[in-house]
Amino acid sequence: MRTLVWFRSDLRTIDNAALSLATRQSTRGVVGVFIISPGEWRAHDVAPVKLDLMLRSLAVLRTSLEKLRIPLLVRRAETVGEIPSLLTALCVKHECDALTFNKEYEVNESRRDARVLAACKAAGVVTHACTDQSIIEPGEVRTGEGRFFTVYSPFKRAAYKFIQAHDSLRAHPAPKAQTSLVCKSDDVPTAIEGWHSDIDPALWPAGEQEAQRTLEQFIQHRSRSYKVDRDFPALPGTSALSPHLAIGTTSPRQCVLAAYQANADAKGSPLDSGNEGLAQWISEVLWREFYIHILVGYPRVCMHRAFQLPTEAIRWNDNPQHFEAWCQGKTGVPIVDAGMRQLRQTGWMHNRLRMVTAMYLTKNLFIDWKLGEKWFMQHLVDGFLASNNGGWQWSASTGTDAAPYFRIMNPVSQSQRFDPKGDFLRQFVPELAGLQGEAIHEPWELPGLLRSRLQYPEPLVDLSKTRQAAIDRFAAIKKP
Ligand SMILES: Cc1cc2nc3c(=O)[nH]c(=O)nc-3n(C[C@H](O)[C@H](O)[C@H](O)COP(=O)(O)OP(=O)(O)OC[C@H]3O[C@@H](n4cnc5c(N)ncnc54)[C@H](O)[C@@H]3O)c2cc1C
């Protein structure tokens, strides 16, 4: 048997279910393929900074695969419809009688894969679609009534039980080196027309070895203080592994296993007891898992639909000027602007600020969460539909387990609490760098003359009035 492995969002050799299986089952070699898919990427708003990281990681993957005597082919499909015939033609050309890949769960991706499976069947190619993007196959963990969970905490409890009972953290066997190369590898392009990133690539080192190094450093040096530090954007308190998880240079299994092993002397289960930082971090990785399950259980969330259908009655404000000011980090609210500028300048935004900026857009500006979701996707190095949609719908109070509509984060108190000295604000909003004390959090409280010297915008809206208006508009749709 010879197997073609189709790499997508799993750009690594270690603990890769599809690659591991291919190298174990094949007797006549393995061939890897990655498909450059501009039509699909455009439709899904893949950010230039993310694509750049993907291409650099693909080059690293090519080198790792060659050490296993597995060539990496790089092909191009302008539209997603070309992919099934492209893959079956490759199977014919390289005499592959099997195809393996790791499942992706978004609606379009699932439809694409269903077409690939049908084409392979017709061509007599055996296929294996593996679970790899999540620790637990979506749908395996359900409520007592057999439904998908819609609330995180019971999902997490059930997931932990499942993981323990099924030994789900066990890594897949290391890929076996093949005896001979089937063909030569293709060159990996360094750029794709239509995508250009201005963000310094040194910010996002590529490849699975870098992901592994980031994971080890985090577990060793920062995980134990994670529970406290994770909320302060000026600190390097979180793992910054999300870009690697998004393109699959690491897996959620590898992440949770590393934390589990570091927490091995816990009195109870290392998943949810022992060191608080490690347990909290595992729980955050499980949020990603939860949102993947939601995507499969409620696929409408992939198609611009609200999870809570009654909230679709909301008439959001149509205000392009306000939206543009939010995108550019010029709302006049320092913590919101700092977050939005961090996104533009680095391709990443701290989790607390994702919540603050998303709530400000949807509750204070009362602009549709779908616009914010798209903007994030177009700029995030870790753009991942399940988590991005989950985070946006949570913040907009339209989603599963969402923030109640009447609990709206106040950006000023968030700023005072989580950036008390204004260190983060000074880094991303240099116009305010000279301000001391409380003024940096709410510069509109300064006397007019001082304010005019700052060259910083006046707030777009009154925070408390817009907060109340949002609560009223949400309350109105609750009425029968
Ligand atoms: C509006 C909004 C949009 C978001 N968009 C994305 C996105 O496109 N891609 C993305 O990976 N995450 C997204 N998140 C979740 C979260 O903000 C990021 O995963 C986190 O900031 C990544 O940083 P980290 O790797 O240092 O996280 P850590 O704190 O180190 O957490 C470890 C991992 O756990 C997962 N995780 C942590 N928090 C969450 C969460 N709330 N939801 C889902 N998974 C989580 C991530 O995979 C993360 O890498 C979004 C959150 C919000 C509120």
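Figure 1. The model is predicted: local features need pLDDT of at least 70, side-chain atom pairs count only at pLDDT 80 or more, and totals for chains, interfaces and linings use all residues. Numbering starts from 1 along each chain as its sequence is written. The protein chain holds 20 helices and five strands. These are DSSP runs numbered from the N terminus (helices: H or I, at least four residues; strands: E, at least two). The radius of gyration is 23 Å, close to the 23 Å from the globule rule for 480 residues, so the chain is as compact as a globular protein of that length. That radius is taken over C-alpha atoms, and the rule is 2.2 Å times the number of residues to the power 0.38. The C-alpha trace spans about 75 × 50 × 50 Å along its principal axes.

**Figure 2. Where domain 2 touches domain 3.** On the domain 2 side, helix H9 (242–247) and helix H11 (276–297) are the elements giving two or more residues. H11 gives the most, with five residues.

**Figure 3. The largest nonpolar core and Ile282.** Such a core joins buried Ala, Val, Leu, Ile, Met, Phe, Trp, Tyr and Cys residues through C-beta atoms within 7 Å. Buried means 20 or more other C-beta atoms within 10 Å of a residue's own, exposed 12 or fewer, partly exposed in between. Of the 83 residues here, Leu4, Val5, Trp6, Leu99, Ala259 and Ile282 touch the most other members. H11 supplies the largest share, 10 residues. Beyond four places in sequence, Ile282 contacts Val256, Ala259 and Leu271. Another core, of 32 residues, lies apart; Tyr405, Phe424, Leu425 and Ala470 are among them.

**Figure 4. Leu257 in helix H10.** H10 covers residues 252–262. Leu257 is partly exposed, because 19 other C-beta atoms lie within 10 Å. Leaving out residues up to four places away in sequence, Leu257 touches Leu169 and Ala171. Lys374 is 117 residues from Leu257 in sequence and 32 Å away in space, C-alpha to C-alpha.

Terms used:
Contact = placed C-beta atoms within 7 Å.
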